[in-house]
Amino acid sequence: MWPHSLTIGLAGTAISIGTDAPEVIAALEAWRIPDVGDPIDYCLEVRPPAPGAGLPRPFPGLYHGSTALLRTRDISRLTTAFRRVLASHARPAGEGYVRLSLMPVARHGVALLAPPATIAAVPDRWLLAEGFEPLYTVSSLVDPASGEVLVDAPLGSDEPPSALAFGGWWLPARHWDGDLSPGFAVAEAMTLVIGVTAGNAASTLRAVAGLVARAHPTLAPRSADTVKEGLGAVLAGSASR
Amino acid sequence: MNERLPELDTATVLGPASGVVSVTVGDEVVVYRVADAASLVLNSTAGLLWQCLDGASPLADIVDDIARAFGADRADVERDCVPMVGIWLAENLLEEVNGA
């Protein structure tokens, strides 16, 4: 149970937030709505309790349900990530765009889209030290026509969304390995699209097929070591683009 | 999947059900049903049959066309195609088109 909590409404979505930081609640008062039955929930732990003697101090963290999206001592990065996550809910994909439940990892202006849980397996410090910029969030907006990933500005920010070149994507690892045919890649990717309706299904399916044609996705690596190798391999050539 | 397939009259005109869309990807066709966010990937042969189910042509005409195009025996084509169409109909991927 968090000492501070509230429910906010963003683009018709109810989001429940629990935190140990009253300033986080104060900053989100403008979006407060009455509590509802089944909201999406996030937790932001800024000041984790001190452990017993001799135990390492836990990192502050951002959590979606029981999944850790980011753990870092850098509170500024943590709150920025949290506000970016909230902004992702506030900005549904418009006509011609696709919102995928993947997060960007960028280098030199090129983004790889990956499952948040895959990237969470690798320490944030390692990613930064290797020159990767993980943009922790729960979904990414993609413009299939231009091949750009439009990074949401943090909620409440006046910054415009920034654009990165779409350099590739990893789909959540399933119970099988191996290559996906283009058709199966489209089918798998459709499970990651947020906000598919009868009205936009045809254009969304075409857009996802276009993304698969632009960059064929692969299944995400399963271990931290293979994630590290994979990031290096996918984004290695980005310096020369 | 439904255990009993619906009886299918080959004079029936069928098209994608409401909320079902498809796209051709290489030699495959991906069929997507919005209601449960389910996808079905069809190989080139099944994909061709799917694309022929355009809500305008009776199934019998489609069987004729496929048999002619592939130089195949019409009865064999019907025996292959009709059960598949029956499954798609049972899975609510197709619907009858009235007044076509």
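Helices, at least four residues long, and strands, at least two, are DSSP runs numbered from the N terminus. By this rule, A:Met190 belongs to helix H5 (residues 182-190) of chain A. The structure described here is a predicted model. The predictor assigns the complex an ipTM of 0.89 and a pTM of 0.89. For chain B, the average pLDDT is 91, and 92% of the residues score at least 70.

A:Met190 has 22 C-beta neighbours inside 10 Å. A residue is buried if 20 or more lie within that distance, so A:Met190 counts as buried. Its contacts involve both chains. Apart from neighbours within four places in sequence, A:Met190 is in contact with A:Leu205 and A:Val208, and also with B:Tyr32 and B:Ser39. A:Ser88 lies 102 residues away from A:Met190 along the chain, and the two C-alpha atoms are separated by 18 Å.

The chains meet through 12 residues of chain B and 17 residues of chain A. On the chain B side, strands S2 (20-25), S3 (28-33) and S4 (38-42) each give two or more residues. That side of chain B divides into 8 nonpolar residues, 3 polar and 1 charged.

The largest nonpolar core has 89 residues. A:Leu112, A:Val186, A:Val208 and B:Val30 have the most contacts inside this core. Helix H6 (residues 201-214) of chain A gives the most to the core, with 7 residues. In soluble globular proteins, nonpolar side chains tend to be buried together. A:Leu112 shows how one core residue is surrounded. Leaving aside neighbours within four places in sequence, its contacts include A:Val105, A:Trp169, A:Trp170, A:Leu231, A:Val234 and A:Leu235. A:Gly167 and A:Gly168 are also in contact with A:Leu112.

A:Ile119 sits in helix H3 (residues 116-120) of chain A. This residue counts as buried because 25 C-beta neighbours lie inside 10 Å. Beyond neighbours within four places in sequence, A:Ile119 is in contact with A:Met103, A:Val105, A:Ala114 and A:Pro134. A:Ala215 is 96 residues from A:Ile119 in sequence and 20 Å away in space, C-alpha to C-alpha.

Two helices of chain B were examined for their buried residues. In H1(B), these are B:Gly47, B:Leu49 and B:Trp50. Seen down the axis of H1(B), the buried residues fall within an arc of 160°, so they line one face of the helix. Their cover includes S2, S3, S4, H2 and H3 of chain B.

Helix H3 (residues 74-90) of chain B has 17 residues. From first C-alpha to last, this helix reaches 24 Å, close to the 24 Å expected at 1.5 Å a residue. Its buried residues are B:Val77, B:Cys81, B:Val85, B:Trp88 and B:Leu89. Among the elements of chain B that cover them are strand S1 (14-16), helix H1 (44-52), helix H2 (59-70) and strand S5 (94-96).

B:Asn92 counts as partly exposed, with 15 C-beta neighbours inside 10 Å. In chain A, A:His108 is found in the loop between strand S7 (103-107) and strand S8 (110-114). Phi of A:His108 is near 50°, again positive in a residue other than glycine. A:His108 is partly exposed, with 15 other C-beta atoms within 10 Å.

How values were computed:
Residues numbered from 1 in each chain as written. Chains lettered and ligands numbered in written order. Predicted model: local features only at pLDDT ≥ 70, side-chain atom pairs only at ≥ 80, totals over all residues. Contact = placed C-beta atoms within 7 Å. Nonpolar A, V, L, I, M, F, W, Y, C, P; charged D, E, K, R; others polar. Expected span 1.5 Å × (residues − 1). Buried ≥ 20, exposed ≤ 12 C-beta atoms within 10 Å, placed from the backbone. Arc of directions from axis to C-beta. Core = buried A, V, L, I, M, F, W, Y, C linked by C-beta atoms within 7 Å. pLDDT = per-residue confidence, 0-100.
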